[in-house]
Amino acid sequence: MSFSDARFAYGPFAPYWVPRQYIENYFSIHKTDSYLVLNTTVEKLTRIQPSSKGGEDRWRLVLRKYEPATHVDIWWEEEFDAVILANGHYSIPYIPSVAGLEKYLEKFPGRVVHSKLYREPRIYTDKKILIIGNSASGHDLSSELVAYAKSPLYQSRRSKSRWDGDEPPKGIEWKPIVKEYLPNGRIVFDDGTYLDGVDTVIYCTGYKPSYPFWDVEANGRPLYDYRAGKLIKSYWHSFFQDFPTLGIVGLPRALTFRSFEYQSIALARLFSGRNATPLPPLEEQVRWEKEREERTRAQRLKFHDIAWDTGETFEYLERLFRIAGLGTLKGEGRIPPVLDKALIWAVEHIVKYPRPGDGNDRKKPLGEIESLDADSSIREGWVLVDKSSLCSL
C-alpha cells in the first residue's frame, strides 16, 4: 500500500491518519510539488475533436480558482494533448434509500452522517451511536468508537463479515438492517426491534465515483454508468476505447499506490509514444469489457474490483507492465517497479481481516512468521492462510 520508492512509516497498511501526510511528503521528496496547481476546480472537461486532416483528440479544461485577496473567482481555459483523471473513487458518499429517511433528515438535521465526515471519536463521547455497515469503514469506526460512545454501540449489519465471530465484540450490539425511520425519532429494524433516542447514525456504506466536470453533451456520452457501476467503454480499468488521449488512474482497489504507479507509467508511455506494446485492437477491448461485465454481474462482483487472492492482481499489473515496457538505456522514463518477494508473499498468503470460525484462525505476529523478514512490517492480527482455503472465504 505504498509507492515502490517510499515505504509507509507504519508498514504496508498504515493507520488512517498517515496517507495524507505521506502523499504530501512524496511530492516534496521528488520535487514535483512545483507542478501542482492547488485550490483549483476543474469546472468542465471538453473533447476537442481532430480536424479533417487527422490527428488525435485534444482536451479543453475550464478552470476556476478563488482569489482570497479580492474575494473573486478567477476563471480561465487551458488546452492539453492528453488528460488523466485521478480524482479517486471515494467522492460521493452513498446512503441507501430507506423508508422515512428523507423526513427524518429534515426533522433531525445533523443526526445522520456518513463516514466520510468522520474525523475523531471524542465528539461522540457518551452518545448513543448506531453504525450502519460492517465492511472496512464500519469495522474501523466501531472498533474506535466503542471506547467513547455510550454502551452498547449499535452496529447494523446486512450480513456476516469475514472478520465477524459468532458473538459481537464487547461493548457492541449487532442489529439487522434498518427498515424504517419514524417521525418521532424511532429507528425500526427488519426484525421488528427498534431504537429510541439515538444521537447519531453513521453510515459506513461506501461511495460512488463522481466526474462533475465531464461535458456529456460536447463529449457525446456519459463517462460512468451508475446503474452498472462501471466506466463506459473502458479497457483494463485505465484506458478508453473511444478516447485514445484520455486515461484514468486509481479506480480499481488493488495494491493501492503501487497499482497507481503501474497505471501512471503505462499511460505516460502510451501518450508519449514510447509504450513497449500497443493496446489490443478495438474489437478485443470491446470483448474484454463485455465479458468482464457478464462475469462480474453473474458472480455479483464489482466491475472495477481486482481480486486479491485469485491471481488477478498479478495479471492486472503484468498487462500494464507489458504495455509500459522498460525505460531507455539512458534512464529516461520511470520503470514499472518489480514486485519484491515480501509483496508477492503477502498477496499469496495474507488475508487482511481475521476469519471467524472454530478457533483455528491462525493469527501470527511478525516475530512468528518465518517466511518474511522483519522488514516486511506485517502487523499483528493478520491471518496466515493456505491458498487452498481461500476459495471458502
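In which sense do β6 and β13 pair, and over how many bridges? The two strands pair in the parallel sense, over 3 bridges, where strands count as paired if DSSP finds at least two bridges between them.

## Basis of the model

This is a predicted model, in which local features need pLDDT of at least 70 and side-chain atom pairs count only at pLDDT 80 or more, while totals for chains, interfaces and linings use all residues. Residues are numbered from 1 along each chain as its sequence is written, and side-chain values use heavy atoms, with hydrogens and water left out.

Helices (H or I, at least four residues) and strands (E, at least two) are DSSP runs, numbered from the N terminus.

## The parallel sheet

Strands of a sheet pair through backbone hydrogen bonds, either parallel or antiparallel. Here, 5 strands form an open sheet in the order β6-β13-β7-β8-β9, and the pairing is parallel. β6 (112–114) and β9 (172–175) stand at the edges, each with a single partner strand, so one side of each is left without a neighbour in the sheet. From one strand to the next the twist averages 25 degrees, with axes taken as lines fitted to C-alpha atoms and angles running from 0 to 180 degrees between N-to-C directions.

Within this sheet, strand β7 (residues 129–132) pairs with β13 in the parallel sense over 4 bridges, and Ile131 stands opposite Ile202 in β13. Strand β8 (residues 153–156) is joined to β9 by 4 bridges, the two running parallel, and there Tyr154 stands opposite Glu173 in β9.

## Tyr203 and strand β13

Tyr203 lies in strand β13 (residues 200–203), and His114 stands opposite Tyr203. Thr200 and Ile202 point one way from β13, Val201 and Tyr203 point the other way, and all are buried; buried means under 20% relative accessible area, exposed over 50%, and partly exposed in between, with a 1.4 Å probe and protein chains only. For Tyr203 the relative accessible area is 1%.

Leaving aside neighbours within four places in sequence, Tyr203 is in contact (heavy atoms within 4.5 Å) with Ile95, Pro96, Val98, Leu101, Val112, Val113, His114, Ser115, Ile132 and Tyr181.

## Antiparallel pairings

Strand β1 (residues 40–48) pairs with β2 in the antiparallel sense over 8 bridges, and Thr41 stands opposite Arg64 in β2. Strand β2 (residues 58–67) is in turn joined to strand β3 (residues 72–80) by 9 bridges, and this pair also runs antiparallel. The bridge partner of Val62 in β3 is Glu77, and that of Lys65 is Ile74. The hairpin of β2 and β3 has 4 residues between the strands, and in this hairpin His71 takes a positive phi near 55 degrees.

A further open sheet is formed by 3 strands in the order β10-β11-β12, with antiparallel pairing. Its edge strands are β10 (178–181) and β12 (194–195), each of which pairs on one side only. Strand β11 (residues 187–189) and β12 pair over 2 bridges in the antiparallel sense, with Ile187 opposite Leu195 in β12.

## Nonpolar cores

A nonpolar core is a set of buried Ala, Val, Leu, Ile, Met, Phe, Trp, Tyr and Cys residues joined through side-chain atoms within 4.5 Å. The largest has 29 residues, and those with the most contacts inside it are Tyr22, Trp236, Phe239, Ala266, Tyr316 and Leu320. The elements that give two or more residues to this core are α1 (18–29), α5 (258–272), α7 (312–324) and α8 (341–349), and α5 gives the most, with 6 residues.

Ala266, when its neighbours within four places in sequence are left aside, is in contact with Phe239, Leu320, Ile323 and Ala324. Apart from this core lies another, of 17 residues, among them Trp59, Tyr211, Leu223 and Tyr224.

## Cavities

A search of the whole structure finds 2 cavities of 30 Å³ or more. A cavity is a set of points, on a 1 Å grid over the protein atoms alone, where a 1.4 Å probe fits but cannot get out, and lining residues have an atom within 4 Å of a point. Grid points are joined across faces, edges and corners, and a volume is the space filled by probe spheres set on the points.

About 30 Å³ of space lies in the second largest cavity, whose lining is made up of Leu85, Ala86, Asn87, Gly88, His89, Tyr211, Ile248, Val249, Gly250 and Leu251.

Technical notes:
On a 1 Å grid over the protein atoms alone, a cavity is a set of points where a 1.4 Å probe fits but cannot get out, and a pocket is an open set with protein on both sides within 12 Å along at least five of seven lines; lining residues have an atom within 4 Å of a point.
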